Amino acid sequence: MRPAPAPRRRTWWRRLTATTGLLALVATALVGTGTAPAAAAPAAWEPKPAPMTTPWTNSVPVDKPLPEYPRPQLTRPDWTNLNGIWDFAVTGRDAGQPATFPEQIRVPFVAESALSGIQRRITENDKLWYKRTFTVPANWNNRRVKLHFGASDWQTTVRVNGTQVGAHKGGFDAFAYDITPQLNGGTNTVVVSVYDPSQTGGQAVGKQRINDVKPHPGGGIFYTAASGIWQTVWLEPVASAHITRLDMTPNLGNNTLRVKVQTGGAAGRSARITVSSGGTVVGTATGAVSGEISVPVPNPRLWTPEDPFLYDVKADLLDGSAVTDTVGSYTGMRSIGIAKVDNILRPVLNGKFVFQTGTLDQGYWPDGIYTAPSDAALKYDLQAHKDLGFNMVRKHIKVEPQRWFYWADKLGLLVWQDMPSMDTGKVPDGPARTQWEAEYRNIIDQHRSSPSVVMWVNQNEGWGQYDQARIADEVKAQDPSRLVNNMSGVNCCGSVDGGNGDVVDNHIYVGPGNTAPSATRAAVLGEFGGLGYKVPGHEWYPGGGFSYEDQPSLAALNNRFVGLLDAIRIGQLPAGLSASVYTEITDVENEANGLLTYDRQVVKVDTARVKAANQALIQASRNPAPPVNLPTGQNKSLRVTTPGHTTKHLRHYDGLAFTEVVNSGSPAVLKADATWKIVTGLANSNCYSFESRNYPGEFLRHREFRVRRDADDNSALFKADATWCAVAGNGGVRFTSANLPGSYLRHIDSEVWLATPGGGQPFDSPALFTEDTTWAVDAPWTP
């Protein structure tokens, strides 16, 4: 996302057995089992007041927030949730473990958040310390015990009973340690320290910036930092030889599921994979854990956004014929790729092109900042996408907990997953690059089996950019089953296009602008929109909000937004655009361009209307309208089709365009003024230009939104202003501007303007907009 521009002329811008089913397990919010008590929550602890309250803020449990099983694609029945109240301290960055922990924090909410109970600014000079006790359930005897962290930002060191068990660098990837040797058979103590320099370091930081944690003016497109533990902490017992990950790739070419079983301490063993549906086994296969196991899935029910069907998967680790470990999982049978459709390179889902319409989803919360207050809240934003008719979401410069991917898989949303960027305006050094790439590889491996993920987005708008082409090639080699985007926003902000990957991705605000496919890459609009409306009583900092284009009312917001979706459907889809990402699903702090408010209390847009526009866009990609072809080289007249005005024609007078009644008795000069020669578009050969019959070399063009007749000065701007793209209208043809797609040639009160659906000018008025922008191409008044 680029910084908001100053006001200007509108710019071209997802039970371990098959019979019970994994999905029932996770959907019913399995809670940690065992007898390990959470640390007692003193009566004195309480959350801080949130700057804005979401529908879930006041219902977060003190002792076991986020109690759901945290790893839906690798489940075991025994686990213990360690979320809840931990002792807490902040020291200098170079200090050792403090003697006392004077505060308490609710894990896994970051220290900057209200829900943590701390709500304090953390800087690059601070180190965070967490401490709690736990006991291991007696029925876990003779198994190894692992301590898991969903994510902790950024440099995390873990000690159990005074012994360091591991150190991790990375803010967005999960990590775990075998703590069995450190356990004492009774009450155990875990101490975690975290150092997070946020943007002052060289690591992946995304949109985080060290700012005041309370609402304040400014901040722009960057938001409150999120330091320390921010995803679920939990214990799990495993066998000495156990499964650590399942890499699952559907193969629709031969209707199989390819599975590679990653293990610990199981070299030379085999694994059995069973795929089932509703308790009925559909396929099983056995193979070495070191290789790929191909499981037949005959006549698969394909995963799509409309039918996100998931199969249950069970993996048994075998020692001979004995089962030594079992995990549950799920998969969706689908493919994603690039192919030519009607001679245009397009992304294809299950071999078919479907336009991907989605939003930018940044995953921020006013109460939990980086951590959603509940699993229901985590699901809510994705469900909102579905309710609004979107079929895709771009997770922007953040990686969510694995349960977010589960909900995307289950609800049916195509996911573009960004790798979080390093800080802007810096050239990363060698260690920063090594760390960033290692973390990215971990993220890909941890989420590569999620059917919803269809694209990896490597870099964004040049932020911390380097080696774009090499990184794109390496990501494709690591996961050839998905699309790769080497740079989102190659046209923006000093970014450098690596020239490879599967898509060319522009950012155009407000847009939709022009993004053209190439011979090797499909065209996508990685960001557009940014229409803003500040809802009174639902602003993070009242009066401090900004957007890319403010709207005066909710009605205007609806008209303008639906107009943009319609413009993509009518103009950009036929021209080769294959996907679009609207900025954005919710307001974020002082950004007021969300379809929902930051507190998720208000949906700003008309849900039914937006859903209909998105469905029309998706349907148009499946059943494209035939192109409109006009007779170039011929003289024609353009007649008004608005009821009651059908005798009026477009003419020029003193250089300006008007509509006027023309008939057989009209003066010759009027007839000539109302005659236009249709020629190939001056700026786009797929579009048209209109040359004056009686002023050869002068063309119909827009300038400051007024339409006029001007001489061609051979400039690129003139040629673009004088090029009109024809789309089918009801009873005629509509002409959209080549350089301002979505704006139309319109007559109103006999004047002719470049008008925009939902625009704020008088000539953009919604009454009769479609009729006024539809023209009949008739015989010329002057041959």
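Modeller: Cys-493 is partly exposed, with a relative accessible area of 44%. Cys-492 and Cys-493 form a disulfide, with their sulfur atoms 1.8 Å apart. A disulfide is counted when a pair of cysteine sulfur atoms lies within 2.5 Å.

A word on the ground rules. This is a predicted model, where local features need pLDDT of at least 70, side-chain atom pairs count only at pLDDT 80 or more, and totals for chains, interfaces and linings use all residues. Residues are numbered from 1 along each chain as its sequence is written, and side-chain values use heavy atoms, with hydrogens and water left out.

The structure holds two disulfides. The other link joins Cys-687 to Cys-725, S to S 2.0 Å. This link is right-handed, with 80° about the S-S bond. Cys-687 sits in the loop between β38 (676–680) and β39 (688–692), and Cys-725 in strand β42 (residues 724–729), so the bond ties together parts that are 38 residues apart in sequence. Helices (H or I, at least four residues) and strands (E, at least two) are DSSP runs, numbered from the N terminus. Cys-687 and Cys-725 are both buried. Counting bonded cysteines along the chain, the pattern is 1-2, 3-4.

Now the wider chain. How far can the model be trusted by its own score? The mean pLDDT of the protein chain is 93, and 95% of its residues reach 70 or more. Over residues 6–42 the pLDDT is below 50, and this stretch has 114 contacts in the model beyond near neighbours in sequence. pLDDT is the predictor's confidence in each residue, from 0 to 100. A contact means heavy atoms within 4.5 Å.

Next, helix α6. This helix covers residues 554–575, 22 residues in total. From first C-alpha to last it reaches 30 Å, close to the 32 Å expected at 1.5 Å a residue. That expected span is 1.5 Å times one less than the number of residues. α6 bends by about 40° at Ile-568. The bend is the angle between axes fitted to the seven residues ending there and the seven starting there. Just after α6, Gly-576 takes a positive phi of about 125°.

Two annotated spans remain. In an unreviewed entry, UniProt lists "domain: Glycoside hydrolase family 2 catalytic" at residues 377–489. UniProt positions follow the numbering used here, feature names are shortened, and annotations may be inferred rather than shown by experiment. Residues 377–489 are 44% helix and 15% strand, with end C-alpha atoms 30 Å apart. Ser-421 lies in the loop between β27 (414–418) and α4 (430–447). Ser-421 is buried at 2% relative accessibility. Leaving aside neighbours within four places in sequence, its contacts include Gln-203, Trp-436, Asn-460 and Trp-463.

The other span, also from an unreviewed UniProt entry, is "domain: Glycosyl hydrolases family 2 sugar binding" at residues 123–198. Residues 123–198 are 0% helix and 55% strand, and their end C-alpha atoms lie 8 Å apart. Leu-128 belongs to strand β4 (residues 126–134). Leu-128 is buried, at a relative accessible area of 2%. Its C-alpha is separated by 6.1 Å from that of Ala-89, 39 residues apart along the chain. Not counting residues up to four places away in sequence, Leu-128 touches several residues, among them Phe-88, Ala-89, Val-192 and Ser-227.

Notes. Buried means under 20% relative accessible area, exposed over 50%, partly exposed in between (1.4 Å probe, protein chains only).
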